[in-house]
Amino acid sequence: MWEDFINALNNFIRNKTRTFLSLLGVIIGVASVIVITSIGSSSTKKVADTFGSAGLDMVSISSGGMWRRRSAVTIQFNETFRTNLFDNVEDIKQIWYKNSVNSTVTYGETSSSVNCSAVETGYLEALAMQLEEGGRFFNVTDNEEGTQKIILNHDTAISFFPDGNAVGKKILVVISKVAFSFEVIGVLKEQTTGMENAASYIPIGFYDKKVRPNSPAETVMVQAVSKEKTTGMVDKIKEYCTSLTGTDTSVNVMTMQTMIDQISSITSTLATMLSAIAAISLLVGGIGIMNIMIVTVTERRQEIGIRKALGASPADIRQQFLVESASITLIGGFFGIIAGILISLAVEYVQKQAYVINVKACIIAFVFSVFVGIFFGLNPASRAAKLDPVIALSGE
């Protein structure tokens, strides 16, 4: 077999143009599969990195969506619900209430519409958010008295305070057409937790007293005693809420891990579909290889006749041409992997995200390319093996 491989390489060298065209289809097919799967893996990693590890022990509860029946019983996220949730669901460490409002922030000549979250004391700390030097989080007094204090995220602070001296400054915040003066007490460091991406935060006590007095919360954030307990706690929360309303659409229960899994699943599915489409080019390349091998068998009839006359069996002839066909796709698969990795690196460099090579996809694409060579080379090899040596030597 090694001698057949060497002979195949010599034949490729003698027919450079034909060999290059045969290789091209395989290289494009393998490279396409690797590029698509690598970009899919990189996108999945980017999603995980974007959400981060903080907040994996958090569960978000919000009112049911558009499919909820109008006559269905609704759940009010008030103190009674908080107490009952603690009593009826295991593995809860803490429960926070949260509301969101649209606001317009003005400082000097700069004005911008930003989303604002009204949160309870300790909530931001539970999400492992960090403050830039000189700032502080909300304390119990801020929440109880509803003080007009505000915490800005990194990007919002930069847009209003390019010099970085935001803490201690007064800004004008318009909520529901009413203007309030807020003191900036902290700026969040540039970070991502996945469950929180508001531009600014105010005490929920202020929201309850000045924005919508005595209104229930829009969102409930539940922290599990550990990350491992989160999945089980989701099912228990759903069961409890269903028991209150008689329907399983009364609330939406979501975890950060669920969001990561859903996005990753969509990305993987798209990558698989596109890879299957890209693999079609490998089949097209295989058809091209079969045509080339049929031509090769025709051109080398006398060589086949001589080998048979010297004692080569049909199996030897079949092996010779199968090895030659497989060698084309083996070499094409090798260069396809290199091309796919280089193209993927270029794409990831342009997109400025971490590159993740999908080793499994590389192996599958390479093995599939060799299989294509063997499959489409089988017919020409069989033709060569069946040639009558007398007819082959006569050149007819």
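**Surface and charge**

I started with the accessible surface of the protein chain, which comes to about 20,300 Å², and 59% of that belongs to carbon and sulfur atoms. Accessible areas here come from the Shrake-Rupley method with a 1.4 Å probe, and for residues only the protein chains shown count as cover. I noted that this is a predicted model, where local features need pLDDT of at least 70, side-chain atom pairs count only at pLDDT 80 or more, and totals for chains, interfaces and linings use all residues. Residues are numbered from 1 along each chain as its sequence is written, and side-chain values use heavy atoms, with hydrogens and water left out.

Next I looked up burial: 44% of the 396 residues count as buried. Buried means under 20% relative accessible area, exposed means over 50%, and partly exposed is in between (1.4 Å probe, protein chains only).

Then charges. I found 33 positive and 35 negative side chains in the protein chain, and the centres of the two sets lie 6 Å apart. Lys and Arg count as positive, Asp and Glu as negative, while His and the chain ends are not counted. Each charge is placed at NZ of Lys, CZ of Arg, CG of Asp or CD of Glu.

**Overall build**

I looked up the helices and strands: the protein chain has 13 helices and 9 strands. Both are DSSP runs numbered from the N terminus, helices being H or I with at least four residues and strands E with at least two. The radius of gyration is 33 Å, well over the 21 Å that the globule rule gives for 396 residues, so the chain is more spread out than a compact globule. That radius is taken over C-alpha atoms, and the globule rule is 2.2 Å times the number of residues to the power 0.38. Along its principal axes the C-alpha trace spans about 105 × 55 × 35 Å.

I also checked contacts, meaning heavy atoms within 4.5 Å. Among contacts between residues at least 6 apart in sequence, 79% join residues at least 24 apart.

**Salt bridges**

How many salt bridges does the structure hold? I got 7. The rule is a side-chain nitrogen of Lys or Arg within 4 Å of a carboxyl oxygen of Asp or Glu. A reminder to myself: side chains of opposite charge can pair when their charged atoms come close.

I went to Arg82 and Glu120, whose closest N and O atoms are 2.8 Å apart in their salt bridge. Arg82 lies in helix α3 (residues 79–88) and Glu120 in the loop between β3 (110–119) and α4 (123–126), so the pair ties together parts that are 38 residues apart in sequence. Are these two buried or exposed? Arg82 counts as buried at 12% relative accessibility, and Glu120 is buried too, with 13%.

Lys236 came next. This residue forms a salt bridge with Glu90, the closest N and O atoms being 3.4 Å apart. Glu90 sits in the loop between α3 and β2 (92–107) and Lys236 in helix α8 (residues 230–245), so I was looking at a link between distant parts of the chain, 146 residues apart. Glu90 counts as exposed at 54% relative accessibility, and Lys236 as partly exposed at 29%.

Lys236 also pairs with Asp91, with closest N and O atoms 3.3 Å apart. That pair again links distant parts of the chain, 145 residues apart. I noted one network as well: salt bridges that share partners join Glu79, Arg82 and Glu120.

**Phi angles**

Most residues other than glycine have a negative phi. Asp91 lies in the loop between α3 and β2 and counts as partly exposed at 22% relative accessibility.

Ser176 has a positive phi as well, about 55 degrees, and is not a glycine either. I located Ser176 in the loop between β5 (170–175) and β6 (178–187), where the residue is exposed, with a relative accessible area of 54%.

**Two more residues**

I looked at Ser181, which lies in strand β6 and is partly exposed, at 39%. What does Ser181 touch, not counting residues up to four places away in sequence? I found Gln148, Lys170, Ile171 and Leu172. The C-alpha atoms of Ser181 and Lys170 are separated by 6.5 Å, with the two residues 11 apart along the chain.

Last, Lys238 in helix α8, partly exposed with a relative accessible area of 40%. The C-alpha atoms of Lys238 and Val251 are 7.7 Å apart, and the residues are 13 apart along the chain.
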